[in-house]
Amino acid sequence: MDPARLVEVCMHLRDDQEMRFEWLMCLSGVDYPPETIAVVYHIHSQTHGQKLVLKVLLARSEPRVPSVESVWKMANFHERECYDMFGVDFEGHPDLRRILLPEDWEGHPLRKDYVYPESYRGVTNKA
């Protein structure tokens, strides 16, 4: 789907009485080299017992998408994790910073082209 319409579509899916997708179950990043990073949203309507998957394809060189944290608060931690692991910039996120790795970690380790550092803070990464 078009990233520019993501928040609008998500609000409709949440608020429309015939939809009522009240829950963001999961938000994941997926790396499709050489040019695409995807963000996948799994949402659930407890009211209607339905599940739906949305996928946004982003340019790998500048993966940027509006935050849905204002739609589903649960997106806050999921978006931080996706930022940390894939480098996706969630525009409008209130606190977009690393959640799993230290702030001084370089790169995003779930990208398929990530090269693990030989050492970190004086600890070598070689067996």
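These questions and answers concern how some features of a predicted model come by their labels.

Reader: Why is Val123 called exposed?
Author: Val123, which lies in strand E7 (residues 123-124), has a relative accessible area of 56%. Exposed means over 50%, so Val123 is exposed.

Reader: Why does Trp105 count as buried?
Author: The relative accessibility of Trp105 is 19%. Buried means under 20%, so Trp105 counts as buried.

Reader: And why does Tyr120 count as partly exposed?
Author: Tyr120 has 23% relative accessibility.

Reader: What makes Trp105 and Tyr120 an aromatic pair, and a tilted one?
Author: Their centres are 4.9 Å apart, and rings pair if the centres lie within 6.5 Å. The planes are at 50 degrees; under 30 would count as stacked and over 60 as edge-to-face, so the pair is tilted. Trp105 sits in the loop between strand E5 (89-91) and strand E6 (119-120), and Tyr120 in strand E6, 15 residues apart.

Reader: Why is the pair of Tyr114 and Tyr116 called edge-to-face?
Author: The ring centres are 4.8 Å apart and the planes are at 90 degrees. Over 60 degrees counts as edge-to-face, so that is the name for this pair.

Reader: How do you know that strands E1 and E2 pair?
Author: Two strands pair if there are at least two bridges between them. Nine bridges join E1 (residues 23-32) to E2 (residues 36-45), which run antiparallel, so the two strands pair. Ser28 stands opposite Val40 in E2, and E1 and E2 form a hairpin with three residues between them.

Technical notes
Residues are numbered from 1 along each chain as its sequence is written. This is a predicted model: local features need pLDDT of at least 70, side-chain atom pairs count only at pLDDT 80 or more; totals for chains, interfaces and linings use all residues. Side-chain values use heavy atoms; hydrogens and water are left out. Helices (H or I, at least four residues) and strands (E, at least two) are DSSP runs, numbered from the N terminus. Buried means under 20% relative accessible area, exposed over 50%, partly exposed in between (1.4 Å probe, protein chains only). Rings of Phe, Tyr and Trp (its six-membered ring) pair if their centres lie within 6.5 Å; planes under 30 degrees apart count as stacked, over 60 as edge-to-face and the rest as tilted.
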